[in-house]
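Hi everyone, thanks for coming.

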Amino acid sequence: MADSPVIKHGSDISAAVKDSLLSGLIALGLFGPLVGLRTEQNMRNELVVQGRWGLLASVIGIIIVGRFLLLTLVWPAMAARKERAGPVSETPSAARQAVSRWFAPASVVFLFLYPAIVVSLLGFQGSLKWVDNFGIQILIYVMLGWGLNIVVGLAGLLDLGYVAFYAVGAYSYALLSSHFGLSFWLLLPMAGIFAALWGVMLGFPVLRLRGDYLAIVTLAFGEIIRLVLINWREVTNGSAGISSIPKITLFGIKFDASPDGFARIMDLPISSAYYKIFLYYLILLLALLTAFVTIRLRRLPVGRAWEALREDEIACRSLGINTTNTKLTAFALGAMFAGFAGSFFAARQGFVSPESFTFMESAIIVAIVVLGGMGSMVGVALAAVAMIGGTELLRELAFLKTIFGSNFNPDQFRMLIFGLAMVGIMIWKPRGFVSSREPTIFLAEKKSISGSLVKEGHG
Amino acid sequence: MEVFLQQLINGITLGSIYGLIAIGYTMVFGIIGMVNFSHGDVFMTSAFIALIFLLVLTTVLGMSSMILALIIVMVIAMVLTSLMSWAIERIAYRPLRGSFRLAPLISAIGMSIVLSNFVQVTQGPRNKPIPPILSGGIEVMNSNNFAVTLSYKQILIWVVTAVLLAGFWYLVQKTSLGRAQRACEQDRKMAALLGVNVDRTISLTFVMGAALAAVAGTLFLSYYGVVNFSDGFVPGVKAFTAAVLGGIGSLPGAVIGGLLIGLIETFWSGYFSIDYKDVAAFSILAIVLIFMPQGLLGRPEVEKV
């Protein structure tokens with residue numbers, strides 16, 4: 001292998017053909033029944049199977065051809081390039097450094113200008129979709145991603161029940177504002193505090209557990225909270241949810257068509273766009289608050305302790321770090337930001353139901369954090385934009401409907417892509433696709449291998 | 001008493017299914033120390049494979065003997081599900097050995113999402129009901145107008161589970177494959193030094209777990225008569241609870257844990273509240289992991305640097 005990167009023809013090609021035919025056979029076994037035969041209910045409500053042989057044949061064809069190309073072209077080419085490139089230089093080029101330095105401030109400026117740009121291009125009515133579906137929706141996930149990033153990315157505790165704290169925040173706002181008429185600005189910190197308390201309450205018993213046990217227990221807690229929300233009908237109204245949750249006001253000014261509403265006071269034509277733009281800036285500020293707190297905390301002893309905990313818990317404990325407190329602060333802070341995001345979510349939707357807080361939602365947030373590179377703020381934000389914005393875009397593309405039929409629903413494919421991306425990231429770039437975050441401080445110089453290459457606790 | 005007896009019968013039936021799934025969790029955890037999160041969805045997919053072949057056999061090929069069809073379907077489901085699990089291990093888990101601690105779990109979560117959404121995309125999001133298989137049963141007891149029945153389906157599930165567990169026990173205890181598997185469980189490096197093909201043994205562990213899950217999937221389909229793409233998650237978590245309760249890594253533990261979870265669930269819904277039956281299962285999971293992580297029959301785990 002080392003002496004000639006050129007493909008040896010003959011035996012290699014026939015081996016590749018054999019190998020790709022074998023993969024085709026395996027693919028036939030894997031996809032044959034599920035892709036080739038679709039179960040469908042007929043008019044008499046009986047299930048019948050329909051063959052989809054064309055689709056099956058094309059799937060298997062793609063796999064055979066793909067495997068063949070991989071074996072004959074892609075892998076030899078990659079091996080050859082690796083050989084030519086030699087050792088990778090440690091310092092990135094000046095251009096890359098400039099990009100990574102200016103990217104974050106530039107994107108913050110862009111985010112502040114975004115509604116103005118959209119409104120100037122499309123007018124107030126036209127901006128609705130872009131500010132609401134893209135702006136607000138993505139920023140909620142950015143904020144959740146950054147919140148979970150504290151727990152998963154910095155402290156290395158895999159939390160599969162993060163959505164529970166989001167639910168606590170949402171239901172605190174929904175219940176307290178509709179029953180007691182409290183304002184959003186009072187309930188926002190309260191929702192955060194409630195969620196943080198839940199974080200401590202649920203965090204406390206699970207702290208002794210190892211990584212994957214902790215993940216499973218947080219999942220169980222998340223599901224318990226959702227099931228209680230469904231079944232405790234007297235308080236939460238069960239799966240029907242709570243509707244007509246009061247909207248947010250700005251210094252007592254309502255965003256509606258009333259005489260003292262925002263549009264009348266400012267002498268503007270009545271439109272729902274003002275409220276959306278206001279919500280956009282609100283969630284932007286909340287998300288930036290999350291980012292700011294995280295960045296500051298990372299420089300404090302507790303932030304250093306989180307990163308140390310992520311790298312090696314036993315070493316951390318033997319150096320005298322109180323792992324209980326460290327884990328609890330991570331849990332509580334992460335939960336608090338989820339609580340903020342939850343109360344914002346409830347106010348924005350005007351409706352909450354347990355449907356919004358399923359395990360899949362937790363999985364989406366975990367996927368965003370994992371894809372972004374656990375610990376990296378910019379990476380998580382980019383992953384949220386790509387994943388949430390990407391699906392919203394898929395929905396917009398009309399030609400996809402003509403290909404996949406009128407009942408094409410990108411949400412199904414979104415989760416499929418999320419799942420595949422999670423597996424792929426773990427295989428190729430376990431520290432994240434978009435960017436990676438090494439511990440903030442090292443000893444004076446790095447050892448010959450970096451922590452991202454080896455199992456934790458070595459190197 | 002009658003209610004108790006009926007719930008006992010139902011609970012053992014449900015517990016057998018959980019036990020069959022739980023073995024997959026416990027074996028994989030025992031050998032590579034990983035929570036195979038996608039196992040519940042492997043179970044669900046196997047139920048779909050069984051559904052498809054059952055329909056092919058009965059409606060397309062017109063097979064009339066239901067019991068024969070069920071046996072053929074079970075064998076096909078076992079083979080195809082094993083192949084699937086083998087492929088999953090090869091693609092999604094094997095490259096991660098030696099990666100950081102949470103990597104296999106995250107990959108398994110990804111795989112679980114992929115499986116359930118793949119089935120949703122290819123087979124549609126609706127419930128898939130099948131006509132009842134093997135109706136009727138034996139009346140065990142009848143007093144105060146409450147008939148305790150043991151249906152033929154339940155007998156089938158008991159018998160199949162018992163036969164499979166016996167066969168499986170033989171496989172693990174008496175064959176060279178089982179010996180290799182137990183050796184890898186104790187010390188993978190040492191086993192490799194002594195000439196055990198570790199990668200092959202791990203693959204076979206996944207295959208065995210998947211074959212048992214496929215049986216559970218077929219039995220689940222014939223018992224409830226309906227399957228949905230989202231049916232993998234909750235039974236998966238419950239079976240994992242069973243594995244943990246019995247002591248993860250222990251095979252008899254998984255079966256005992258499965259039966260216990262099945263019994264707790266049916267008695268809980270029979271005597272307390274059917275709404276909170278899943279809450280009960282999830283609470284047991286949390287409580288056992290927090291207070292008794294070694295389970296009933298497991299060994300306490302020693303943390304090593």
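Predicted model: local features only at pLDDT ≥ 70, side-chain atom pairs only at ≥ 80, totals over all residues.

Okay, the core. The largest nonpolar core has 225 residues. If you want to find the residues with the most contacts inside it, look for Met143(A), Ile283(A), Ala341(A) and Ile368(A), plus Val215(B) and Leu285(B) over in chain B. Helix α3 of chain A, residues 94-154, gives the largest share, 17 residues. And where does this core lie? Domain 1 (11-40 + 48-82) and domain 2 (102-451) of chain A both contribute residues, so the core lies between them.

Let's zoom in on Ile368(A). Leaving out residues up to four places away in sequence, Ile368(A) touches Tyr141(A), Gly145(A), Val380(A), Ala383(A), Ala384(A) and Met387(A).

Now over to chain B and helix α5, residues 152-174. With 23 residues at 1.5 Å a residue, this helix should span 33 Å, and its end C-alpha atoms are 32 Å apart, which agrees. Among the buried residues of α5(B) are Lys153(B), Gln154(B) and Ile157(B). What do the buried ones pack against? In chain B, that's α1 (2-32), β3 (146-151) and α8 (198-224).

Last stop, the contact between the chains. Chain A puts in 47 residues and chain B 56. On the chain A side, α6(A) gives the most, with 13 residues. By class, that side has 36 nonpolar residues, six polar and five charged.

That's my tour, happy to take questions.

Methods. Residues numbered from 1 in each chain as written. Chains lettered and ligands numbered in written order. Core = buried A, V, L, I, M, F, W, Y, C linked by C-beta atoms within 7 Å. Buried ≥ 20, exposed ≤ 12 C-beta atoms within 10 Å, placed from the backbone. Helix = DSSP H or I, 4+ residues; strand = E, 2+ residues; numbered from the N terminus. Domains from an automatic or database assignment. Contact = placed C-beta atoms within 7 Å. Expected span 1.5 Å × (residues − 1). Nonpolar A, V, L, I, M, F, W, Y, C, P; charged D, E, K, R; others polar.
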